Amino acid sequence: MTKKRNNLPRFFYHGARLILGVIFIYASYDKILHPKAFAEVVYNYQILPDGLINVTAIFLPWLEILMGVFLIVGFWMPGTIIWCNILLVVYIGALCFNLARGLDVNCGCFSTTKGSSISIETILWDAAFLVLSVYLFFVVFGLKFNEGSK
Amino acid sequence: MFIQFQEKTSKTLGQQFLQSVWQCGAMFALAVFLGFSINQFRDSRLPLFEDGSMEARLMSPSGERLDITLVEAKKLFLQEAVIIIDARPNDDYEKGHIRDARSLPWHEVDQRFMEVTKDISVDTPIITYCDGETCELSHHLANFLLDLGFTNVRILVNGWTKWQNADLPIKKEDAD
């Protein structure tokens, strides 16, 4: 006698993985194409010292695209999901910090050229991505799907 | 509902932690390697370190300072000897702008620069502005206009706020 398997957890896991993967790839490609513009976005956040701005603008989009690809193909998930959580927490922190001190800067979240300023909305979007990322963290680290009897 | 706590049988949490640490390190190293390698071969290579001071950012490629003080800008404005160009998005321009300023949003510059600059001779004084001390739109627009061949382009940093604070002539949406 076979028991019917509950595929819902599996569906959520793969859905969250793919959504986050696409988001990180989408967020990175414009920054990779326009590193100078991204360096200006980083500069305008006025958080990093000048010496780290260009270095960050050079490697960070590549880290994002690696995370996106690895999430989609399911490669190195523990490391990838830790990076996701770290980056999203850092991004939310930077957005909150600048919003709190009233700095009107381009978010640079998905595009280096579109003039979308940071706002509560951008923070909420990042918070939503963080929820997915935290969910994946719990799934990847020690939490298994309820797949019924094997 | 979606996840269920269970003891890992294949790997302990400690093993998983170690695995994730080396994966994080490897991803970081790979991102640094890819980023710096590809940057080396780009036409528009980003230097690793750059003078990010405000002074350096206000220099034209030929080394001239591009910023103009509010006093100088006001003088040129009152003499009607300058074209002022608003580099902010059109919505912001519509809400309010320096009186007689033209709108040339940086993000639409390729589509609109011909219509905005067609009656301006290359030696006419031009002032670009946007809003906020860190706003780069006016810098980009000024450098773009210099590249086009305009020889007398200046930037009024934080222009919109400074102009309003000084009670200089503006045009606002609700004044129509």
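**Entry 1. Terms and model**

I take helices to be DSSP runs of H or I with at least four residues, and strands to be runs of E with at least two, numbered from the N terminus. I note at the outset that the model is predicted.

**Entry 2. Chain A, overall**

I looked up the secondary structure of chain A and found five helices and one strand. Along the sequence these elements follow the pattern α-α-α-α-α-β. I then turned to burial: of the 150 residues in chain A, 39% are buried. I also looked up the contacts in chain A between residues at least 6 apart in sequence, and 73% of these join residues at least 24 apart.

**Entry 3. Gln46(A)**

I looked up where Gln46(A) sits, and it lies in the loop between α2 (35-45) and α3 of chain A. Its phi is positive, about 55°, although Gln46(A) is not a glycine. Is Gln46(A) buried, exposed or partly exposed? I count 14 other C-beta atoms within 10 Å, so Gln46(A) is partly exposed; the class runs between the limit of 12 or fewer for exposed and that of 20 or more for buried.

**Entry 4. α3(A) against α4(A)**

I next followed chain A into helix α3, residues 50-73, and compared its axis with that of helix α4, residues 77-100. The two axes come within 10 Å and cross at roughly 130°. I therefore record α3(A) and α4(A) as oblique to each other, since an angle has to be over 145 degrees to count as roughly antiparallel. The crossing of this pair is left-handed. Which residues make the contact? From α3(A) I list Leu63(A), Met67(A), Phe70(A) and Leu71(A), and from α4(A) I list Thr80(A), Trp83(A) and Cys84(A). By class, the residues of this contact are six nonpolar and one polar, with no charged residue.

**Entry 5. α1(A) against α5(A)**

I repeated the look-up for helix α1 (residues 8-33) and helix α5 (residues 120-140) of chain A, whose axes come within 10 Å and cross at roughly 130°. That angle makes α1(A) oblique to α5(A). The crossing of α1(A) and α5(A) is left-handed. On the α1(A) side I list Tyr13(A), Ala16(A), Arg17(A), Ile19(A), Leu20(A) and Ile23(A). These meet Phe129(A), Leu132(A), Ser133(A), Tyr135(A), Leu136(A) and Val139(A) of α5(A). I divide the residues of the contact into ten nonpolar, one polar and one charged.

**Entry 6. The sheet of chain B**

I moved to chain B and traced an open sheet of four strands in the order β4-β2-β5-β6, with parallel pairing. Which strands form the edges? I find β4 and β6 (153-156) of chain B there, each pairing on one side only.

I then went through the partners of β2(B). With strand β5 (residues 126-129) of chain B, β2(B) pairs in the parallel sense over four bridges. With strand β4 (residues 102-103) of chain B, β2(B) pairs in the parallel sense over two bridges.

**Entry 7. Residues of β2(B)**

I looked up burial along strand β2, residues 83-86 of chain B, and both of its faces are covered. Ile83(B) and Ile85(B) lie on one side, Ile84(B) and Asp86(B) on the other, and all are buried.

What stands opposite Asp86(B) in β5(B)? I find Tyr129(B) there. In β4(B), the bridge partner of Asp86(B) is Ser103(B), while Ile85(B) has Arg102(B) as its bridge partner in β4(B).

**Entry 8. Thr117(B) and Ile85(B)**

I also looked up the spacing between Ile85(B) and Thr117(B): the two are 32 residues apart in sequence and 9.7 Å apart in space, C-alpha to C-alpha. Thr117(B) belongs to helix α5, residues 109-117 of chain B. With 19 other C-beta atoms within 10 Å, Thr117(B) is partly exposed; I note that 20 or more would be required for a buried residue.

**Entry 9. Asn158(B)**

Asn158(B) has a positive phi near 55° and is a residue other than glycine. I count 18 other C-beta atoms within 10 Å of Asn158(B), so I record this residue as partly exposed.

Conventions
Residues numbered from 1 in each chain as written. Chains lettered and ligands numbered in written order. Predicted model: local features only at pLDDT ≥ 70, side-chain atom pairs only at ≥ 80, totals over all residues. Axes fitted to C-alpha atoms, helices over the stretch in contact; angles between N-to-C directions. Parallel < 35°, antiparallel > 145°, perpendicular 65-115°, else oblique. Left-handed = near helix turned anticlockwise from the far one by under 90°. Contact = placed C-beta atoms within 7 Å. Nonpolar A, V, L, I, M, F, W, Y, C, P; charged D, E, K, R; others polar. Pairing = 2+ DSSP bridges.
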